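Please read them alongside the coordinates.

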Amino acid sequence: MVYIVTILLAGLAGISQGITGFGSGMIIMSVLPYFLGITNAAAVSGLVMLLLNIVGTWHFRHKLNFRHILGPTICFFIGSAVAITNVQKVPVKQLQLVFGCFLIGLSLYFILIKRGGTIKANVFTMLLCGLGAGVCDGLFSIGGPPLAVYYLAVAEDNEEYLADQQSCYLIADIFTVALRIHEGILTPHLFMTGLIGILGVLAGMGIAFKLLQKFDPDVTRKLVYGMMGVSGTVTLIKTLLAF
C-alpha cells in the first residue's frame, strides 16, 4: 500500500514540478506522513527530490552564478545537521503539531500574502534563509521556500534564480540524504520506497511536459497550496484531539 501511495504522490509531484517548477516536496509531505510518519516520510521525500534537483541543475547550468551558492549552502548544512541529528529526540506529537502549523503557515503565505515582493539580499538574510531552509528540510524535507525567498532577491533573472536555487538545493540534498543514512533514518526499506517514488516522478514529469500548454500554472500552484493547508489543518486537529 505504501509503495502505491508513494508512486502516485511522486507522480503528482512530478506533474506539479514540470508545470510550475514548484510544489513537489509539499505534495509528497502533505500525504506521505500519514503512512510513514513525519521523519520517515521526509527521508523518502528527500531521496525523491534528489532526482528533481539533478534535472533542474543540469537544465539551467549555463545560468548558474557560483558566487550565490557557497554561503546559503553552508548555512543549509548547519541548519539541516542540527535538525536531522535531533529530530528523533523530539516527541512525535510535538513534531506533528509543529508540522501541522508549518504546512498551514506556508499555505497561507503563498495564497494570501505573497505578491511577488522580495527581501533585501544581504549577509543577514542569507544566514536567516539558509539556516531556515536547512532546519525545515531536516525536519520536514520542505526547505525550498526559504531558499526561494533569498534567491528571488539575489538573482538577476528567472533562469538565474532557478539555476542558483536548484544547484544549492542539490548540494544540500546530497548532504541531507547522506546524513539521514548515517543517522539510521533512511533505512534500506525506505531507500527502496524512495526509488519507487523516483519512477513516479519521472512518469509525472513526462506527463507534465506533454500537457504543459493545457494547464494554468497559477491554478496548479493554488491547488498545491490548498491541499497543503488542508493537510496541515487535519494534522493539527488530529494531534490536538489525541492529547
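1. Read along the sequence, the fold follows the pattern α-α-α-α-α-α-α-α-α-α-α, with eleven helices and zero strands. Helices (H or I, at least four residues) and strands (E, at least two) are DSSP runs, numbered from the N terminus. This is a predicted model, in which local features need pLDDT of at least 70 and side-chain atom pairs count only at pLDDT 80 or more, while totals for chains, interfaces and linings use all residues. Residues are numbered from 1 along each chain as its sequence is written, and side-chain values use heavy atoms, with hydrogens and water left out.

2. Of the 243 residues in the protein, 52% are buried (under 20% relative accessible area, with exposed over 50% and partly exposed in between; 1.4 Å probe, protein chains only). Among contacts (heavy atoms within 4.5 Å) between residues at least 6 apart in sequence, 83% join residues at least 24 apart.

3. The largest nonpolar core has 62 residues, and L32 and Y151 touch the most other members. Such a core is a set of buried Ala, Val, Leu, Ile, Met, Phe, Trp, Tyr and Cys residues joined through side-chain atoms within 4.5 Å. Helix 4 (residues 38-59) gives the largest share of this core, ten residues.

4. Leaving aside neighbours within four places in sequence, Y151 is in contact with H68, I69, P72, Y161, D164, Q165 and C168. D164 is also touched by N65, as is E160, not counting residues up to four places away in sequence. N65 sits in the loop between helix 4 and helix 5 and counts as buried because its relative accessibility is 13%.

5. Helix 5 (residues 70-86) and helix 7 (residues 123-140) pack at about 35°, with axes 7 Å apart. Axes are lines fitted to C-alpha atoms, for helices over the stretch in contact, and angles run from 0 to 180 degrees between N-to-C directions. Residues in the contact include G71, P72 and C75 of helix 5 and M126, L127 and G130 of helix 7. By class, this contact has twelve nonpolar, six polar and one charged residues (Ala, Val, Leu, Ile, Met, Phe, Trp, Tyr, Cys and Pro count as nonpolar, Asp, Glu, Lys and Arg as charged, and the others, Gly among them, as polar).

6. Helix 9 (residues 158-182) has 25 residues and reaches 36 Å from first C-alpha to last, close to the 36 Å expected at 1.5 Å a residue; the expected span is 1.5 Å times one less than the number of residues. Just after helix 9, G184 takes a positive phi of about 80°.
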